[in-house]
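Student: I would like to learn how to read the places where parts of a protein model touch one another. Could you take me through them slowly?

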Amino acid sequence: MTALLELKNVSRSFGGVKAVRDVSLTLQPGQIVGLIGPNGAGKSTLVNVITGVHPATAGEILHNGEPIQNLKPFQISARGIARTFQVVQPFPSMTVVENVMAGAMFAAGVMSMTEARAVAMEHLTFTGLAAQADRPANQLTLANRKRLELAKSLAMNPHILMLDEVNAGLNTAEINQALDLIRAIAARGISIVIIEHLLKVVTGLCSRIVVLHHGELIADDATADVINDPRVIEAYLGSRFAERQMVRHD
Amino acid sequence: MTKAQTQFLLLIVGAAVLLLLPVMSGNYTLRLATIMMMYATLAMAWNFIGGFTGYPSFGIAAFFGLGAYAGAVVQARGVPVVLAWAFAIVIGSLFAYALGLILLRLRGHAFAIATLVIAEVLRELTNGMTDLTGGGMGLNLPFFGWGPDALGRFFFYAMFALAAITLATTYIVAHSRLGFGLNCIKQNEDAADIVGINTTRYKIIAFTLSGGFAAAAGGLYASWTGYIEPSDVYDILFSIKPILMVLLGGMGTIFGPALGAVVFLVLDEIVWRNFLQLHTGILGLLIVILILFLPAGVLSFDWRALLKKKVSAT
Amino acid sequence: MIFFQYLVNGLILGGLYACIATGFSLVWGVLSIINILHGSFIVLGAYIGIFSYTMLGIHPFVSVITAGIVLGALGYVVQLGIINRVVAQSVLVTLILTFGLELMMNNAMLVAFTADYRKVILEKSLGVLEIGNVFIAMDRAVATVIAFVLIFLLWLLMRLTSIGRAIVAVRFDREAASLMGIDVKKTYAITFALGGAMAGAAGSLMSVSFPISPLSGPLFLSKAFVICILGGVGSVPGAALGGLIFGMLESFGAVFFGAEYALTLAFIVLIILLLVRPHGLLGVKGF
């Protein structure tokens, strides 16, 4: 069976600096995968590489077995790979519903505007933003702007959704709501890659975790195994903490 | 009656009044109306790239001048006038397309400047290619052999047709995926890209529309005046005035550019008549005053109102 | 060898072009303003050079100082009184505003000086120096040296003085600079004044070499644009380098294509560079 998404030895350098080096991984349909790593580990860069914003400088990316590493962002979106941004990227003076319509019209190819609006309203209802539909996007609270990103991405009718730090800047109650929303999205059969630097957020959500450190993939395994992996602990908390953990495990 | 219906009614009345003008008024009024429609076309042409897409183009003079020369050069060699205009449109659009491929990678100030320099470059080339263009001496076009009245009317109707087609195109763009996509690009180009918009293609379409319509106006202008020279048709004022008109009338709107053109030219005409020697200086003063006192609201177009109207109408 | 002659011509032109472009580049980089007035500033500087010589017998190289001061003061007033009101608005607004001011200034100069081309004809010329087969017009060469000295002084001013530091601070972060107690509007005015002073000085230097009329403004301006993008916006050494490149292009381009296509040639080079480096040259994107 071909994987939904497969990365083969993907690297990306900026100038002389390799932000992502030699990463290989696969994503199967229906999975929720956590992509974790300390700040600056190359998580967002990896998403940018997959979505074509910063094309890979080496390696191959296959989507349903077809290479996509040379496609432009809009072409990758049209193939059903959507993402949200760490820093939300709305169309500021368009209304909330128009923002979502954009996703439906272009990536998902809904031809008529009336139909796109109807589709958009469905996603707004799903994400709990229906009441805000006609407000300009730049008037929303941060939590709602993050929901808008989700709704916009869903309107693109993706089968892969990459969420870049959807919880950053949210309080505990808001995070819990967001996690419920993500579970509901997954229940629709959309494969999700969730990027986090908080371990505890992903452990409750993902069955599998991929860890990046200094641009390299250092672990890719079931959640329980990854969080006990000394290399992961070291990457996160420094070597002394890792040693202590090792002693305790022995 | 909805706002859209009111606008439509006003449009019909305006068009009817305009079309009756040649019957009712003298050559002076007719000439003024022709100029107004020409500038309305230029303003709407700019609006595609500047208003809808938010790219600060200062390239209208380049396309206008290129259209004028393209049309004039073939007309001077015996090509019928309407074909010469078609040729001007083709050349203008192709040039805009090719240029767009390169220049639309730039944003903001760099884009503004690059488009501004194109007119200077074309002026230099036109001056240099004496055999083809007559160089700095200018280019005379074949005489029509008509009386001034018939000539005035002919070009009035021709310009009316051009302005009407430009307006119709504006309307279609504003209500289409293209217009929606251009607005997305204007607001946040990176997000537009991610949302699945082929931003390069959309921007090039907008720039080509802009170049094509401006070149058409140039082609008509050349055969109307019968004589063109580089310093006349590549005048940077042809780049600046349409922008001012759009700023006056409303960026990215459908009727704003045309209304702005009328308002601006009335002001311009008053200045012309009263200060012949100081005309450009006073015009400059007018521009400074307009810019300093233009309400900020004019600069941002309310897309929502339009969309709501569209949805409630369907 | 004829090659060296063109090289020398290019260098001499390049120095003057560098001087034209530095002021323009500074204003663009710091204020994010494309100053359409720049061309007319250069022309007025040239007229100060011309009239100081014909009426008072002052050498244009000395008038560099007066031209710099007069245009600097004019720039200061224009920025403080007019442009500062819209300085934070889009490029459309600011560019059109300076264009309006340019129309006023240009019209005033046309009325005052007419459209005739004029040039300083020195009574005591420094003559022509001949090295091998290379001829160097010494008046032009000295003008170029002065141009580079001025650029160097501006560079020093930016690096070493508190004014320079304030300008750099405002350029990088207006808000932070303002919190640090820098008067942003005044800093803008000073920057614009420096741009004007460089233009005026360049004009006076050029009055020895080129015939000038109020109609010359747009061409100087276009060249300043292209040089700026070639060299990188907002950087003094960048503008100097861009000026030299442009001078060379004009000098060598004249051999193959004729002198009348200088701007076209530079523009084509610019487009090729843009194709090779899609995100622009040295920092077009950022500043």
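Predicted model: local features only at pLDDT ≥ 70, side-chain atom pairs only at ≥ 80, totals over all residues.

Student: How many residues of chain C are in contact with residues of chain B?

Tutor: Contact here means heavy atoms within 4.5 Å, and by that rule 40 residues of chain C meet 43 residues of chain B. Together the two chains bury about 3700 Å², with 82% of that area on carbon and sulfur atoms.

Student: Which elements of chain C give two or more residues to the side that touches chain B?

Tutor: They are α1 (2-31), α4 (91-113), α9 (217-231) and α11 (262-276) of chain C, and α4(C) gives the most, with 13 residues. By residue type, this side of chain C has 32 nonpolar, six polar and two charged residues.

Student: Which domains does the assignment give for chain A?

Tutor: Chain A is assigned domain 1 (5-80 + 160-249) and domain 2 (90-157), and their centres, taken over C-alpha atoms, are separated by 25 Å. The contact takes 17 residues from domain 1 of chain A and 13 residues from domain 2 of chain A.

Student: How much area is buried between domain 1 and domain 2 of chain A?

Tutor: The area is about 1200 Å², of which carbon and sulfur atoms give 71%, and the count of salt bridges between these domains is zero.

Terms used: Residues numbered from 1 in each chain as written. Chains lettered and ligands numbered in written order. Heavy atoms only, no water. Buried area = accessible area lost by both parts, 1.4 Å probe. Helix = DSSP H or I, 4+ residues; strand = E, 2+ residues; numbered from the N terminus. Nonpolar A, V, L, I, M, F, W, Y, C, P; charged D, E, K, R; others polar. Domains from an automatic or database assignment. Salt bridge = Lys/Arg side-chain N within 4 Å of Asp/Glu carboxyl O.
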